[in-house]
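Biologist: Could we go through a few spots in this model together? I'd like to begin with the strands.

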Amino acid sequence: MKKFGFTLLLTCLFMGAMSQTALRFDANAAVESSLTLYDGKEVKFKAYEQLYYVTQVEDSAYQYLNLYVPEGATQQTPIFLRTYVGGYMASAATKPQANDATGRALKEGYVVVIPGSRGRNSTIVADKAYAKKHKGVKKGQTVYTGRAPKAILDLKAAIRYLRHFDEVMLGNAERIITNGTSAGGAMSALMGATGNNPEYVAMLKAMGAADERDDVFASVCFCPIIDLEHADMCYEWLFQQTDSRQGLDETHKGYTKELAEAFPTYLESLNLLKADGTPLNADNYLDFIKSELIRSAQIAKNAGADLADSLGFSYSSSAKGMFAAPINGGMRPQMQGGKPPRGMRPEMQGEELPRGMGPREMEGNQKGEYITDLDMQKYLNYVVSTQPLKGVPAFDSQIEGINNASGENEEFGDANGSSVNFTDYTASKNNVVISDEIRQNVRLMNPMSFIDDASTCVAPHWYIRHGARDRDTSFPVPINFATKLKNAGKDVNFLLAWNRPHSGDYALDELFKWITEILK
């Protein structure tokens with residue numbers, strides 16, 4: 001392992017006890033390849049594919065990674081690790097794509113790693129040897145290999161593999177930057193938030209993962225579907241005021257009301273603080289979300305976007321001397337006479353500017369009127385008009401005779417392919433008790449569980465994006481996540497990206513500019 005002397009390295013050392021002589025990497029086995037990018041330029045690289053990252057391979061279709069090394073890379077070159085997990089389903093290791101962040105990363109000169117991982121839909125048919133090794137499994141039985149927490153275990157094993165061969169592999173395993181979208185955003189968040197946590201160690205050892213650390217340098221999370229055990233209450237608390245929720249039948253209206261009423265207690269249990277140190281609670285939280293949406297809209301407006309009057313925004317009569325939001329995150333009021341402009345809410349004052357952004361740069365971005373307020377009911381109805389809301393409950397939806405199971409209900413099922421409840425609320429509707437095993441699996445799949453855990457090495461740098469009209473999960477989920485990381489002292493670049501639906505790998509110029517900055 002290369003020596004770097006960084007505080008991060010010194011504080012994240014993790015020791016294990018398992019020899020990994022069966023893992024293989026041949027530096028001379030590369031295949032010369034190239035990719036023509038979206039701009040017509042060609043990038044050449046060496047491809048190392050189908051590198052199995054565990055010795056005890058359960059599912060050979062997924063438990064390996066592909067490695068791509070561009071021309072000019074050295075052992076100091078950062079590694080961009082992209083997971084293509086979606087819907088908590090299995091994800092095969094693929095090749096770099098010309099139109100997403102993998103192609104851009106190669107163009108920027110970074111080593112690209114694309115790991116496969118098991119998911120809720122991955123299966124094998126047990127042979128005689130497998131059945132003998134696994135109690136209760138019969139030869140010929142279909143076995144679901146990727147139920148929670150298998151996906152994050154596979155990705156952690158991939159990181160450990162990169163560290164195991166750091167001396168002979170081009171690319172710097174101390175500069176791993178993870179990236180993913182939706183459930184893949186959740187995986188990226190988990191890789192960043194659970195580094196070296198001991199709760200995963202026994203399972204990783206049983207898989208034959210390398211005896212190495214699995215912390216990372218930075219995590220890029222597009223619309224992460226996380227905090228699943230609380231996502232239903234967050235969803236109903238936010239969307240209960242929309243017209244679509246008012247049109248539900250009485251049974252589902254009751255679910256909405258009950259879930260929404262549970263949210264304030266959960267929010268206050270997080271002990272989140274705004275930038276000025278004010279505690280977040282149910283009384284000021286909607287205004288906090290509103291300020292993030294206004295910041296996003298102002299960035300877009302300053303860049304020349306037109307905002308429809310029907311969205312619910314209010315404007316000042318003049319932008320002169322008023323607050324102007326920079327293009328890439330952060331905000332600070334530009335004030336005349338040292339006083340904030342009339343109508344500016346307290347939570348919008350005193351925010352820090354992004355790196356390199358000063359008053360002159362902000363003045364250059366002033367276009368159009370300054371946004372002073374937002375009618376949240378109008379805005380949320382707009383969001384719903386672009387795509388219908390999920391059902392009630394949105395995530396732990398399985399209620400016998402009323403609602404079908406969701407993908408998340410499958411995620412926490414077992415190797416037989418069951419679908420189970422994973423929240424106390426929905427379990428109570430079915431008169432079932434959640435087992436300790438399911439509770440632990442839910443914990444292991446939630447990055448919120450580990451940010452304050454002293455035994456965890458959390459990534460120091462975070463880039464988190466959630467679309468300003470994305471309803472696949474509610475705004476409180478990414479906002480709580482970003483705020484908790486900020487409160488823990490992490491470097492967080494967060495934005496509800498204006499007018500974006502549920503999507504990822506957008507604004508790549510901005511993303512890779514941020515990566516360049518953190519690597520300095």
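Biologist: How many bridges join strand E12 to E13, and do they run parallel or antiparallel?
Modeller: This is a predicted model, and in it seven bridges join E12 (residues 461-467) to E13, the two strands running parallel. Within that pairing, His461 stands opposite Asp491 of E13.

Biologist: Which helix does the chain pass through from E12 to E13?
Modeller: The chain goes through helix H16 (residues 476-487), and this β-α-β crossover is right-handed.

Biologist: And why is E13 described as largely enclosed?
Modeller: Six of the seven residues of E13 (residues 491-497) are buried, so the strand is largely enclosed by the rest of the structure.

Biologist: Switching to Asn197, where is it, and is it buried or exposed?
Modeller: Asn197 sits in the loop between helix H5 (183-193) and helix H6 (201-207), and with a relative accessible area of 2% it counts as buried, because the cut-off is under 20%.

Biologist: What does the Asn197 side chain join up with?
Modeller: The side chains of Asn197 and Asp453 are joined by a polar contact of 3.1 Å. Beyond residues up to four places away in sequence, Asn197 also touches Phe450, Ser455 and Thr456, while Ala454, 257 residues away in sequence, lies 9.1 Å from Asn197 between C-alpha atoms.

Methods: Residues are numbered from 1 along each chain as its sequence is written. This is a predicted model: local features need pLDDT of at least 70, side-chain atom pairs count only at pLDDT 80 or more; totals for chains, interfaces and linings use all residues. Side-chain values use heavy atoms; hydrogens and water are left out. Helices (H or I, at least four residues) and strands (E, at least two) are DSSP runs, numbered from the N terminus. Buried means under 20% relative accessible area, exposed over 50%, partly exposed in between (1.4 Å probe, protein chains only). Contact means heavy atoms within 4.5 Å. A polar contact is a pair of N or O atoms within 3.5 Å; within protein, one must be able to donate a hydrogen and the other to accept it, and residues adjacent in sequence count only if both atoms are side-chain atoms. Two strands pair if DSSP finds at least two bridges between them. A crossover is right-handed if, with the strands pointing away from the viewer, the path from the first strand over the helix to the second runs clockwise.
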